[in-house]
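Biologist: Please take a close look at one part of this model, the contact between the two chains. Then set that part in the context of the chains themselves.

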Amino acid sequence: MKKKKMTVLASLLLVSAMFAGCSSGFSGSESKPADNASGKTSETAAAAKDLKVYVENEIKDLNQWKASDDVSFTILNNVEEGLYRLDLKNEPQPAMAEKVDVSDDKLTYTFTLRDNAKWSDGTPVTAQDFKYAWLNELDPKIGTNGYSFIMTDYIVGADEYAAGGSADKVGIEAKDDKTLVVKLKQPTPYFLRLTSLAPYFPMKEEFVKSKGDGFAVGADSMLFNGPYTVATVDAASGAVLEKNPGYWDAANVKIDKVDVKVIKEKSTALNAYKAGQLDRVLLSSSDVNASKSDPGFGTGINFRTTYLQFNTKADGISNVNIRKALKYGFDSKLLADQVLNNGSKAATGLIPDVMSGFDGKSFREMQGDLVGVDAAKAKEYWEQGVKELGKAPKITMLVADTSEVKDVATFMQSEYKKNLGIDVVIDTKTSKARNQLMDNSNYQMGITAWGADYDDAMTYLDLWANHTPYRGNYENANYDKLITDAKKETDEQKRIQMLLAAEKTLLDDDVVVVPIYFGGYSYLLNSRVQNLEYHPYGNPVDFKYADVK
Amino acid sequence: MKRYIGFRIIYLIITLFIISTVTFFLMKALPGTPFDEEKLAQLPPEQKQMIYASYGLDKPVFTQYVNYLKNVVKGDLGTSFFYTGQKVKDIISSRLFPSALIGLQAVLLGLAIGLILGIVAAYRHNTAWDYATMIIAVLGVSIPNFVLAALLQYFVGLKWGLLPVAFWESYPSSILPSIALCVGVIALIARFVRTEMLEVLEQDYITTAKAKGLGTIRIMFQHVIRNSLISVITILGPIVVNLLTGSLVIENIFGIPGIGSLFVDSIKMNDYSTIMGITLFYSAFYVFVMLIVDLLYGLVDPRIRLASGKG
C-alpha cells in the first residue's frame, strides 16, 4: 500500500514538474527583459509612444522566402524594407534606394542605395544583399511561398533560373556595394511598386548562413533594416515591435513600440478595443450598425475581388449562355448592402474600384460597368442555353467553409431561385479541399477571391492566361495575345486599352468569371491615432507614418 | 507492481505505434497540400514539384511514413510546414503551458466545488439544498462554456474591469478561462458524487457502521465519500485529458496561445508534422493519465488489485 502511494505521489510530482518547467509561458513575461532594458532610457523618453493593434491570424512566418499571408507581411513590412516603400497615398517612394535611373527603353533599372541604409547589426545594406535575397526567392528549394511569379514575369532570365538554370543569366547585377542593376523583359510601369513587396526585400547572406535552419524563427534569428525591429514574437500570441534606431529615416518614425496581438474572435477584439487594449478594431457585419455613430467609425476598401469562377469544361457550365444567365441572375448590390454590410461594395467588374487606369482616371471609370443584375436577360440566356443543351443543367456551387463565403453562397442560391427558378446546390468544403477540387478540374463553379499585389490591372488579368483548371481551363488565343502584348507595350495608353479589352473578353464575351463584390471593411479607430496606414494591396500595413497624440 | 508498470509501458508503445500509423495515413488522405495553393496555382507544374520535393512530399506515402517513424524513434518530431522552420517539439511545448495551466485550474476548481456540492446534495437529500445543487448542476451542463466565456469577458472583464478581457500576459489572464471551463466539471462531478453517495448510503455496511455507534462525520468521510469516489476517479481521467489539452473555443475567445487551437489549425492547414506531433503527444498523455487513474483505484479501494502476485 505504501509503495503504491509513493508511485502515485511520484507521478503527480512528475506532472507538476512539467508545469514548473514552462513557468515562463506568459507572453507578457517574455517581453519583460526588453522592458527593463529600455527602462534605463525611460527618463529621457518620458512619453514613449505606443500603438496597440491586432491581426486576425497567427504570425505564421517571418522568413521572407516562405511567407505568403497578410499577417506575416504585416510584420515583415515594418521590420524590413525594399528598394521602395509605399507612402500614405500608396505611391512608391525611395526607401533603401536613394534614387533610380531608368533607361530610355525602360528595360534597365539602375538603383543607387542610400549611404545610411543599415542592417540592425550596423553593417550597410548592399546591392549584393538584394541579389542574394531575390535569387533565393526564385529558387524553388528556398522560395516556397509561391511568389516567384512576381519576379519571373518581369526579370530577365528569372524563369530559367527558377527552373534550374544558371544564376549568371539572371538580370540582377550588383555592380558595386551601392549599385543594383535590374534588367526587365518588358517595360513595366509598376516595377517600382513591386520592389516594395516582401519577396523583393533584401537579406544578408552571411547572417542567413550563420543561422542555418533557424533563420527567422524568432526575434534573435532575424536581421532588420526597416523602421522597426522585432523585440519579441510568438506565433500564437503576437509580436512586439520596437523602433529601429539605426533606420535611415528614424527621425520620422514617431511610434516607439507597436504591440501586435493575435485575436481570432471579432467579438474579443471589440471587447479589447472597448477596454482600451487596442487602438483599432475591425467590425463584424452585425456590429456595424451599432457602431456607426461612434466618432472612430470608418470604412475602407481592399483591392480584393471575390468572384464566381466557372469551369469552362464542366457539364452545363461549358455553355456560354448558361454562364451568362448565371452572371445576370443575382443582385450583388443587395448582397453588399444587406448581407455583408461591412464596407464591401457590389462588384462592377473584375478590377477593383480605385485601381489606377490611365491619365488620373481609374480603370473602372474607363471601362464602366461590366456586371450587374438583369433578371429578364438572365432568364432569356438560360432558356437559350437549355435549348442548346437539350435539358436544364444541374448546377453546383463550390464554396469554402468560411462564414462570409457561406452567406454569399446562400444569398446567390436564393437569387438564382428567384430570378431563374433554378435550385443551385451549395457544396461546402474546407479551403484545402476546395482548392484541390478546383486544381483537379472537378467543379462547375466556385467562389474564390484574389487580392491585388500591386496597383495595376495586370495583377488580376494575367491569372487567366495560364490555362489551369483553377482558372476555369480558360483558353482563348485572343485573350492570351492581349496579355502578352500588354506586357510588351511601351505606350501606356495602348497598354491600358489592351487590358480594358482583356477584361471585357473575360467578363462579357467569354464569361469565365463573374465578379461578386469588392472586399471592404469597417473599423473603429481610437481618436488618438493618426496616419495608421492600411494599404489596399501588397504589404497591408505601415506603422512607419503613424503617430499618437 | 513493477511488472505491471513495465507491462503498461509496452502497451503504451504499441498503442502509440498503432495510433501514429492510422493518423499518418488518414492525414495523407486529407485533400490539399500544406502550401498556399492559391499562390502556387500561378507556378508552372515543374516548379511546384520542386517545392514538394524539397519537403520530401514527392515520395510514396509509405516511404514518407517509414522516414517519419525513423525520425520519431530518434526523438525528432520534425519541423512545422505552417510555422516554417519551427520545431514541432518547441511549438507544442510553448503552446502547452497556457492550455495546461487553464485546464489544471479548471479541473482542481471544478473538482473541489463539484465534490462539495455533490456531498451536500446527497447528505441533505430531497431538501432545498439538494434541489439548489441540482439546478446548478443542470445549468452547468446545459450552458455551453463559450456562452459563459463571452458573458464573463463582457461583464467581469469589460464592464467591471476586474480581470483582463483577453490575452495571455500574466497570471490573472488565466482566471476567466479557467472559470469558464470549470463550470462543466462542477456539474458533472456534483451529479456523479450525489448519485454514487446515495447508493453507498443505502449499503449494509453503512447501517452496520451506524449500529456500531460511529459518528456521522466519521461515517461520511471514512465510508461514504471514500467509496463514492471510485466513479469520480473513472470520469476524472478523460476530464483531465480533455481540459489539459486545451479547448479551441475558449482559447479563441480569450486570445490564448493554446494547444487546442494549434491542433485544429494544423489539421485545417495540412501541417503534417504538427498533426502527428500533437496526436502522439495527446495519445501518450491519455495513456499516462489512464495509468494514474488505475493506480488511484487501488489507493481508494484496496480491494482492487492491479496485478496478480505481489503488490
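Modeller: Helices here are DSSP runs of H or I with at least four residues, and strands are runs of E with at least two. This is a predicted model. Start with chain A. By those assignments, residues 91-468 of chain A are 31% helix and 21% strand. The end C-alpha atoms of that stretch are 33 Å apart. An unreviewed UniProt entry annotates residues 91-468 of chain A as "domain: Solute-binding protein family".

Asp462(A) sits in the loop between α18 (458-461) and α19 (477-488) of chain A. Asp462(A) counts as buried because its relative accessibility is 10%, and the cut-off for buried is under 20%. Leaving out residues up to four places away in sequence, Asp462(A) touches Asp153(A), Ile483(A) and Lys487(A).

Now chain B. Its unreviewed UniProt entry lists "transmembrane region" for residues 9-27, 102-123, 135-155, 175-193, 228-254 and 274-300 of chain B. Two of these spans can be described further. Residues 175-193 of chain B are 100% helix and 0% strand, with end C-alpha atoms 26 Å apart. Residues 228-254 of chain B are 85% helix and 0% strand, and there the end C-alpha atoms lie 36 Å apart.

Next, the contact itself. On the chain B side, 57 residues are in contact with 65 residues of chain A. The two chains bury about 5600 Å² between them. Carbon and sulfur atoms account for 63% of that area. In chain B, Glu38(B), Gln42(B) and Phe167(B) lose the most area to chain A. Together they make up 13% of what the chain B side buries.

Three salt bridges are counted between chain B and chain A. One pairs the side chains of Glu169(B) and Lys261(A), at 2.9 Å from N to O.

α13(B) gives the most, with six residues. By residue type, the side of chain B that touches chain A divides into 33 nonpolar, 14 polar and ten charged.

How values were computed
Residues numbered from 1 in each chain as written. Chains lettered and ligands numbered in written order. Predicted model: local features only at pLDDT ≥ 70, side-chain atom pairs only at ≥ 80, totals over all residues. Heavy atoms only, no water. UniProt positions renumbered as here; feature names shortened; annotations may be inferred. Contact = heavy atoms within 4.5 Å. Buried area = accessible area lost by both parts, 1.4 Å probe. Salt bridge = Lys/Arg side-chain N within 4 Å of Asp/Glu carboxyl O. Nonpolar A, V, L, I, M, F, W, Y, C, P; charged D, E, K, R; others polar. Buried < 20%, exposed > 50% of the residue type's maximum accessible area, 1.4 Å probe, protein only.
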